Amino acid sequence: MKFAHLSDTHLGYRQYGLIEREDDFYNVFNEIVDKIIDERVDFVIHSGDLFEIAKPSPNALLIFQEGLMKIKESGIPFFCHCWKS
């Protein structure tokens, strides 16, 4: 059995107030999604801090939704502890 574990993706985080840094977080998340699909894992666990803030921006939600749909379309279950503690 092969699984992917990820955490602390902090989608929506704009480090140093720079949109480029926010885009970096989105780009890395998309790379992770592609790697998960390429590796044909049996399931994915995201153990926390999916988003940077409790009420994520529409863009952060969209990036996550698109990634999740790609994973779902590949038939890979995704389990998540998505809220910040």
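So, which residue of strand 3 does His 46 stand opposite? It's Cys 80. Before I go on, keep in mind that this is a predicted model.

As a reminder, strands of a sheet pair through backbone hydrogen bonds, either parallel or antiparallel. Here, strand 2, residues 43-46, pairs with strand 3 in the parallel sense, over three bridges.

Okay, on to the helices. Two packed helices are described by the angle between their axes and the distance between the axes. For helix 1 and helix 2, where helix 2 is residues 58-73, the axes come within 9 Å and cross at roughly 10°. Anything under 35 degrees counts as roughly parallel, so helix 1 and helix 2 are roughly parallel to each other.

Who makes that contact? On the helix 1 side you've got, among them, Glu 22, Tyr 26, Phe 29 and Val 33. Helix 2 brings residues including Asn 59, Ala 60, Ile 63 and Phe 64. Sort the residues of this contact by type and you find nine nonpolar, three polar and three charged.

Now the loop between strand 1 and helix 1, where strand 1 is residues 3-6 and helix 1 is residues 19-39. I'd like to show you two residues in there.

One is His 10, which lies in this loop. Is His 10 buried or exposed? Its relative accessibility is 16%, and the cut-off for buried is under 20%, so His 10 counts as buried. Its side chain also has a partner: a polar contact of 2.7 Å joins it to the side chain of Glu 52.

The other is Gly 12, also placed in that loop. Gly 12 has a relative accessible area of 25%, so we call it partly exposed. What does Gly 12 touch, leaving out residues up to four places away in sequence? That would be Glu 22, Tyr 26, Glu 52 and Ala 60.

Last item: Gly 12 and Val 33 are 21 residues apart in sequence, and their C-alpha atoms are 17 Å apart in space.

Terms used:
Residues numbered from 1 in each chain as written. Predicted model: local features only at pLDDT ≥ 70, side-chain atom pairs only at ≥ 80, totals over all residues. Heavy atoms only, no water. Helix = DSSP H or I, 4+ residues; strand = E, 2+ residues; numbered from the N terminus. Buried < 20%, exposed > 50% of the residue type's maximum accessible area, 1.4 Å probe, protein only. Contact = heavy atoms within 4.5 Å. Pairing = 2+ DSSP bridges. Axes fitted to C-alpha atoms, helices over the stretch in contact; angles between N-to-C directions. Parallel < 35°, antiparallel > 145°, perpendicular 65-115°, else oblique. Nonpolar A, V, L, I, M, F, W, Y, C, P; charged D, E, K, R; others polar. Polar contact = N/O pair within 3.5 Å; in protein donor to acceptor, adjacent residues only side chain to side chain.
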